[in-house]
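Hi everyone, thanks for coming.

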Amino acid sequence: MMQTLRHIKGFRLNMSGKPAPEIDPLKDPQTLGILPDRISHITPRLLVKEGDMVNIGSLLFVDKQNPDFKFRSPGGGRIEEIRFGRRRRIREIVIRRDHQERFERFERLDAGQIKTASREKIVSLLQEGGLWPLIRELPFRNIARPGSNPKGILVSLGSGEPFHPDPSAYLRDQEDLFNVGIESLKRLSVPVDIIVPKEVFPVPDWAIPYCRYAVEGGYPAGDPGLFLYHMKQSAEENLMWYVAGQDVLLIAELLSTGCYPIRKIMVVAGDAAGNPRHLVTRIGSPLAHIAGHDPGEGPVRIITGGIFTGYSDTEQHHVGYYESGLTMVFERKEPEFLSLFKPGLDKPTYSRAFLSRIKTGGLRFDSDYHGEERACIGCGYCAEVCPVRILPQFTFKAILAKEIDEALAHGLLDCTECGLCSYVCPSKIDLTEMMKQTRAGLFKELERR
Amino acid sequence: MIRIKRIFDRLRPHFGKSGRFSGLSPAYEAIESVFFPKLRPVQVSPMVRDSLDVKRYMMLVIVALMPHYAFGLFNVGYQSQLASGLSPQFWPSIRIGLKTVLPLVVVVYAAGFAWEALFAGIRKHPMSEGVLVTCALFPLTLPPTLPLWQAALGISFGIVIGKEIFGGTGRNFLNPALTGRAFLYFAYPAQNSGDTVWTVIQSGGAVTADAVSGATPLALAAAVEKGQDVHMALESAGYGLMKMAFGLYPGSIGGTATLLAAMGAVFLVTLGIANYRIIAGCIIGMLGTALLINLAKTGESLPYLSLNPFHHLVMGGAMFAFAYMATDPVSSAHMQGARWVFGMGIGSLTVLIRVFNPAFPEGVGLAVLFMNLFAPLLDQIEINLRLKRRIRNV
């Protein structure tokens, strides 16, 4: 029985460059990579060095605090390069593929065994297989601590953010595998609830009975944090685990085949993408490989992950552990002459200060701030758009004044890090980044205790 | 466009770090960015940002004020022609209006811009757009006969004391334009209040004693003596409801046009720049308080107490202040509920000051400033109430 949950806030945006639903297979790339720097709340300890030979599923690095959080190689071949960022942070491990890649073998379970397996068994198989980090924990969005006792697991089929793979694409003909994944998650904690943003995605018919909740409203409808905020009755329910829809399939693949999964469905979309569509490709592919041809209209920004939560990298980099979407937008080359006085039929906005609000067609986004940074003028757009009713215009001042208790009382830990407050801010204050960093600092402090 | 770009390209080096005018670089950049907004590629997520910025936000308020300037130019000249015994035709009126208003605007902008540039230069901050709105609002609240030096002094006080010493736009808690106006009112009452300051008298006309007494409706209503009817008194001086709504009578330069202000309010609310809660709160507070006073009056009380609530609304600069001053996002309340209370406080205080304080014919400016002081308190109350309902997550 599907329940509909209404959330009134959020943002319905209107972006052109939507991906076509067809899935194209993509050739395997020459190199594969994994980006430890993009996995939040861990400190990686490298277990390989440049020149080492690895198989698919060989151990590459672990978390220093929790060595059970293992990260495995998405490909077989030679470690070509380990790229470091500032202060020797490990940015990227690049593997040059062999023609003949070999798999590491892990223990496999059949469907019956999964149904009767103990919690410890599933935990250890996932940790050993390198997929445990796909399960994350609210409120900090860290990798789930196996010892914690969550009130359930939320499987999110997307949040309506442009652009991520469509559940109708990655769930197509995957009923059995999805079922295996859900059964194994049920061994970890119950209930396992599947949430889907109502307006954005259609799901295959077979999946409808699985979906417990449909969330109505704009982005980030379907986000686990938002769902929890609206559903929780008491403070005990704050601790929850969550998994992304497609990752359930990866978990099922690992458990039922004993092989580290190497392919998933990704999406390449946005105005600057030559051919916006779904792709099935290797996990950890280089961005250039997925992005395909440059349409040649000037500099392009590749955003890995969605436009609100993703990060941008150059074409030489690879897709991160959690990401499954590339959104390509144009970089603005020239300032627009006297744009201040234009009605702005083509300017995307949350406010009503441009005529684009009456336009129904898709709008072109670019990766410019569209203004200089100013002091907060108290317009209140951030509080209006916040899906979990934080008051960012007050909370950020509490953070700047180091009044963390006050920020917490405002609901800092309910923050879904959706990015909408930063997006709408006319003073161009990086509110989300401030919240994210404060949350990360708080997590570190709590973990040390 | 290319020609303009070339001019900026030629000027830019002089305002650079080693240029001759490096101290003026915030002022230069502010001007350049109006023509060519600076490109700033986003580096932290979210990787796309809204098209709205503070510049556009403020620019739209100035756009909303343009009809008031057009009206003000005409009205100043029209009243001057009438009072000087000349023919109140359109073009001569506009000419007198321009002659009176333009110097005021130029002086106000020059002084305001200079202060903002000075503080921005010292702080090494970019110049904020708020000053442009302040300088657009301020002249509209002034009497047309004001000496230019007083206009300069007023805007200087408003910007420096009302805003800059607290850190500039966004950190002020008072409306800077009203702060400057209130300063002038208290420091130079002779040039800022009374019956004679609202009309420019030209020499050479056939001046009649009767025409010169250009009392404003607010002053008239306050002066009605016991036993008389306030509505009759206004009516006999020519102040009907419609006339006051159009605002074609002696008063501050652009503030008397109640209908224009209402249209401006609708414009700003439609575009999401002004908050409708504040404006609606103001109107409700004003009508409600006026009604209560109507009900409370006895035969012994002043006739002003019996003035129709709608007369209050159309008289003087109330609607102008509701639409443009009360809705200043920085100095108003920031929470939605607090905005209602904030508005109602303004409306209600305006009526109370007008009726019970013979020294202040127009109370709306002081009412806005007074409620500005209370806005943080109102916000705090609402936040506390709201946080109590929240399920803790620590």
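Let's begin with chain A, which has 12 helices and 20 strands. Helices here are DSSP runs of H or I with at least four residues, strands are runs of E with at least two, and both are numbered from the N terminus.

A word on what you are seeing. This is a predicted model, in which local features need pLDDT of at least 70 and side-chain atom pairs count only at pLDDT 80 or more, while totals for chains, interfaces and linings use all residues. Residues are numbered from 1 along each chain as its sequence is written, and chains are lettered from A and ligands numbered from 1 in the order in which they are written.

Now the overall form of chain A. Its C-alpha atoms fill a box of roughly 65 × 55 × 50 Å, taken along the principal axes. For 449 residues, a compact globule would have a radius of gyration near 22 Å, and chain A agrees, with 22 Å. That radius is taken over C-alpha atoms, and the globule rule is 2.2 Å times the number of residues to the power 0.38.

How much of chain A is buried? Buried residues make up 50% of its 449 residues. A residue is buried if 20 or more other C-beta atoms lie within 10 Å of its own, exposed if 12 or fewer, and partly exposed in between, with C-beta atoms placed from the backbone. As for contacts in chain A with a separation of 6 or more, 70% come from residues 24 or more positions apart. Two residues are in contact if their C-beta atoms, placed from the backbone, lie within 7 Å.

Next, some strands. Two strands pair if DSSP finds at least two bridges between them. In chain A, strand β14 (residues 211-216) pairs in the parallel sense with strand β1 (residues 3-6), over 4 bridges. Here A:L5 stands opposite A:V215. Strand β13 (residues 192-197) of chain A also pairs with β14(A) in the parallel sense, over 4 bridges, and A:I194 has A:C211 as its bridge partner.

Please find β18 (300-304) of chain A. Why is β18(A) largely enclosed by the rest of the structure? Because 5 of its 5 residues are buried. In a regular strand the side chains alternate between the two faces of the sheet. In β18(A), both faces are covered: A:V300, A:I302 and A:T304 are buried on one side, A:R301 and A:I303 on the other. β18(A) pairs in the antiparallel sense with β20(A) over 5 bridges, and 3 bridges join β18(A) to β19(A), again antiparallel. A:T304 stands opposite A:L326 in β20(A) and opposite A:Y311 in β19(A). β18(A) and β19(A) form a hairpin with 6 residues between them, where A:G305 in the turn has a positive phi of about 85°.

A few backbone details in the loops. A cis peptide bond joins A:L138 and A:P139, with omega about 10°, and A:P139 sits in the loop between β10 (136-138) and β11 (142-143) of chain A. The peptide bond from A:Y219 to A:P220 is cis too, with omega near 0°; A:P220 is in the loop between β14 and α5 (224-231) of chain A. A:K428, a residue other than glycine, has a positive phi near 60°. A:K428 lies in the loop between α11 and α12 of chain A, and counts as buried, with 20 C-beta neighbours inside 10 Å.

Where do the two chains meet? The contact takes 64 residues from chain A and 46 residues from chain B. On the side of chain A that touches chain B, α11(A) gives the most, with 3 residues. By class, that side has 29 nonpolar, 21 polar and 14 charged residues. Ala, Val, Leu, Ile, Met, Phe, Trp, Tyr, Cys and Pro count as nonpolar, Asp, Glu, Lys and Arg as charged, and the others, Gly among them, as polar.

Last, chain B. Helix α3 (residues 54-83) and helix α4 (residues 90-123) of chain B pack at an angle of about 110°, with their axes 7 Å apart. Axes are lines fitted to C-alpha atoms, for helices over the stretch in contact, and angles run from 0 to 180 degrees between N-to-C directions. α3(B) and α4(B) are therefore roughly perpendicular to each other, a term for angles of 65 to 115 degrees. The residues of this contact divide into 9 nonpolar, 7 polar and 1 charged.

Notes. Angles under 35 degrees count as roughly parallel, over 145 as roughly antiparallel, 65 to 115 as roughly perpendicular and the rest as oblique.
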